[in-house]
Amino acid sequence: AVLAVGGFAVFIAVSLLNAKVDTVGTVDFDRPLAVPPLAESRVEADGTRVFALRMQEGESDFGAPRPTPTWGFDGDFLGPTLRATRGEKVRVEVTNDVGETSTVHWHGMHLPPAMDGGPHQAIAPGTTWKPHWTIDQPAATLWYHPHPHGETAAHVRRGLAGMFVLDDAGSPGTTSTDDGPALPHTYGVDDVPLIVQDVQLEDDGRLDENGSFLSPVGLLGDTILVNGTPGPYDEVTAERTRYRLLNASSARTFTFTFSDRRSFALVGTDGGLVEQPSQLEEIVLTPGERAEIVVTMEPGERTVLRSAPLPERVADSNRLAGDDDHLDVLELRAADRLTPSAPLPRRLAPAPDVDPDDAVRTRAFAVSSQAINGLEMDMSRIDAQVEAGTTEIWELSARDGSPHNFHVHDVQFQVLDVDGEEPSPDQRGWKDTVSVRPGKQVRVALRFDLPAGTDEAADTPYMFHCHLLRHEDAGAMGQFVVVPAGRGSDTPDASDEAS
Ligand code: C2O
Ligand code: CU
């Protein structure tokens, strides 16, 4: 509403009001980092791995004088880490006990649209939804979270989110191979998930859901939680530790870096491992994006994982709400004796190989804070029909002066260029969510197919949207269907309505 009424001037004014949080040095790092448990599962006679998740109410200690009412899966806040292997059949039985209709979306997963958990797969209070599919993609760090239309920000912020880790028997992300060592892969020891979120707490401990810190990008909080822990430290016990970073915030972009500017190895992006490790000093993650990094420590060392102001190369002159904040995230404390780690594998995975010359179609998506291509999300409108077996190029841009990002369900895509320039190392791997800053067009190439088990007659849509959840909820979302080869690609409904 702020944007619609006031336009750009109000946007800038509000941005400046919110620009300073500056909490560097004020976090005590006095709590051990919580690590989400691995979800239990059972395997049925036909090999299906079955998980159960219950969305429930609870309360959490985030350091406020009173406990914070929160939601979680099988607990008070966040959920267990689901883990499955490429080729496996899985089923997740999700029970809704939070008293509001919700959904659970498997972010980054390649699966039939009816199993996707978008706004069409509503789970009414007191009921159980049982999606099932076959894992058919490389080792990766995916995640799950609700997706009810108009309510996603609230449900995620209350605590409904968790990781979904995929293994792949032939991948150095999972096991050592004939070609060499594996990446660190002992869960909770040298392979640690980091679900990073900012929250704003009221004096009485309740989560501020719409109040004082609301900026045009959404709610920016000044309390940083990692796996639900405020002010966390991680006791490091191995020479090299792999951290699976997830930005599960609803609006905030993090520029992760270490206080001593030590470099780290980037080994994975949204959709899996990168071709080879690259040494970086910082990595920018917008909401929904993931990165797997490997950090090397000496015995007894300490360093702090922080979020620094957004670098110039990303922000240009458009510095907006939250872009200049410094935020402490996690202290790493290396033990006096560290378990030796294998050297990093030199080759990790094949590079993305979507050939833009194969593209049958180019589509443009201009994102604003309430619409895409001028159209607000309409659950009864299909915005794009793509054909299985084909490649498309999607050109993404920001239309209204606000930063956005763009997430596509079902596929992992390849970034071709950003503002005409080659993608930076952190954007060269498989991606399902990409930053779209004002004035910088992003071109991505996507290859579509029909996941096994898709009901071809149903034409259930997948979503594409801005993953700044306030924008998504306000209407910056659209729907696409993947149809069998031969039925052709199209923009079925949108063409007559778009002006
Ligand atoms: Cu992580 Cu459509 O969402
Ligand atoms: Cu947006």
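Two strands are taken to pair if DSSP finds at least two bridges between them, and helices (H or I, at least four residues) and strands (E, at least two) are DSSP runs numbered from the N terminus. The model is predicted, so that local features need pLDDT of at least 70 and side-chain atom pairs count only at pLDDT 80 or more, whereas totals for chains, interfaces and linings use all residues. Residues are numbered from 1 along each chain as its sequence is written, and chains are lettered from A and ligands numbered from 1 in the order in which they are written.

The secondary structure of the protein comprises five helices and 34 strands. Its radius of gyration, taken over C-alpha atoms, is 21 Å, close to the 23 Å given for 499 residues by the globule rule (2.2 Å times the number of residues to the power 0.38), and the protein is therefore as compact as a globular protein of that length. Along the principal axes, the C-alpha atoms fill a box of roughly 65 × 55 × 50 Å.

Of the 499 residues, 51% are buried, a residue being buried if 20 or more other C-beta atoms, placed from the backbone, lie within 10 Å of its own. In strand S12 (residues 191-199), nine of nine residues are buried; Asp191, Pro193, Ile195, Gln197 and Val199 point one way from the strand, and Val192, Leu194, Val196 and Asp198 point the other way.

Strand S12 is joined by six bridges to strand S18 (residues 240-247), with which it runs parallel, and valine 196 has asparagine 247 of S18 as its bridge partner. Four bridges join S12 to strand S15 (residues 223-226) in an antiparallel arrangement, in which threonine 223 of S15 is the bridge partner of valine 199.

Technical notes:
A residue is buried if 20 or more other C-beta atoms lie within 10 Å of its own, exposed if 12 or fewer, and partly exposed in between; C-beta atoms are placed from the backbone.
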